[in-house]
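Please keep the sequence and the structure in view while reading.

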Amino acid sequence: MSNIVAIVGRPNVGKSTLFNKLIGGRRAIVKEVSGVTRDRHYGKSEWNGKQFSVIDTGGYVSGSDDIFEGEIRRQVKIAIDEATVIIFVVDVETGSHCQCSAHCCLDVQALVQSLRTRHI
Ligand SMILES: Nc1nc2c(ncn2[C@@H]2O[C@H](COP(=O)(O)OP(=O)(O)OP(=O)(O)O)[C@@H](O)[C@H]2O)c(=O)[nH]1
Ligand SMILES: [Mg+2]
């Protein structure tokens, strides 16, 4: 099985920035607003002599009816299923739980549950 690293996390936490750093380019769009990445992006990287594929995903938002956010959730789950390693990116100031009141924040439990079902 090939080495695949999936980068997941809430919107706007720096996933695409990390992806670009790992692949050594600027393939993924980085912006200061949320919801920029909507599908999965694949790239190749090498770290300490090991080659691997890396997947950038859209920001995971749980429980919303928004059609785009629903599709992003689907894409994130596909990436998690494909991955051998998952990097869960958080904003150092916000931590794993968003402070906003609406459902626009990540339900960490839902994502962690996805990871647990993969015995990660
Ligand atoms: N201060 C700081 N800002 C960062 C860091 N990494 C990324 N950013 C900024 O955070 C913003 C969002 O970065 P992205 O890489 O687009 O975030 P993302 O998680 O891919 O966002 P979505 O695709 O919308 O979910 C951009 O303005 C980046 O320049 C970091 O380590 N520190
Ligand atoms: Mg992004």
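## The nonpolar core

The largest nonpolar core has 15 residues, among which Ala6, Ile7, Val8, Ala79, Ile80 and Ala83 touch the most other members. A nonpolar core is a set of buried Ala, Val, Leu, Ile, Met, Phe, Trp, Tyr and Cys residues joined through C-beta atoms within 7 Å. A residue is buried if 20 or more other C-beta atoms lie within 10 Å of its own, exposed if 12 or fewer, and partly exposed in between, with C-beta atoms placed from the backbone. At least two residues of this core come from each of β1 (4-9), β3 (50-56) and α2 (67-82).

Alanine 79 is in contact with Ala6, Val8, Arg40, Ile55 and Thr57, when neighbours within four places in sequence are left aside. Contact requires that the C-beta atoms of two residues, placed from the backbone, lie within 7 Å.

## Basis of the model

The model is predicted: local features need pLDDT of at least 70, side-chain atom pairs count only at pLDDT 80 or more, and totals for chains, interfaces and linings use all residues. Residues are numbered from 1 along each chain as its sequence is written, while chains are lettered from A and ligands numbered from 1 in the order in which they are written.

## Overall fold

The protein contains three helices and four strands, arranged along the sequence as β-α-β-β-α-β-α. Helices (H or I, at least four residues) and strands (E, at least two) are DSSP runs, numbered from the N terminus. Of the 120 residues, 28% count as buried.

Lysine 44 stands opposite serine 53 in β3. Two residues lie between the strands of this hairpin, where asparagine 48 takes a positive phi near 50°. Asparagine 48 counts as exposed because it has 4 C-beta neighbours inside 10 Å.

Most residues other than glycine have a negative phi. Asparagine 12 has a positive phi near 65° and is found in the loop between β1 and α1 (15-23). Asparagine 12 is partly exposed, since 18 other C-beta atoms lie within 10 Å.

Which residues come nearest to ligand 1? Of the 16 residues around ligand 1 (C-beta atom, placed from the backbone, within 6 Å), Gly14, Ser16, Thr17, Thr37 and Gly59 come nearest.

Key: Two strands pair if DSSP finds at least two bridges between them.
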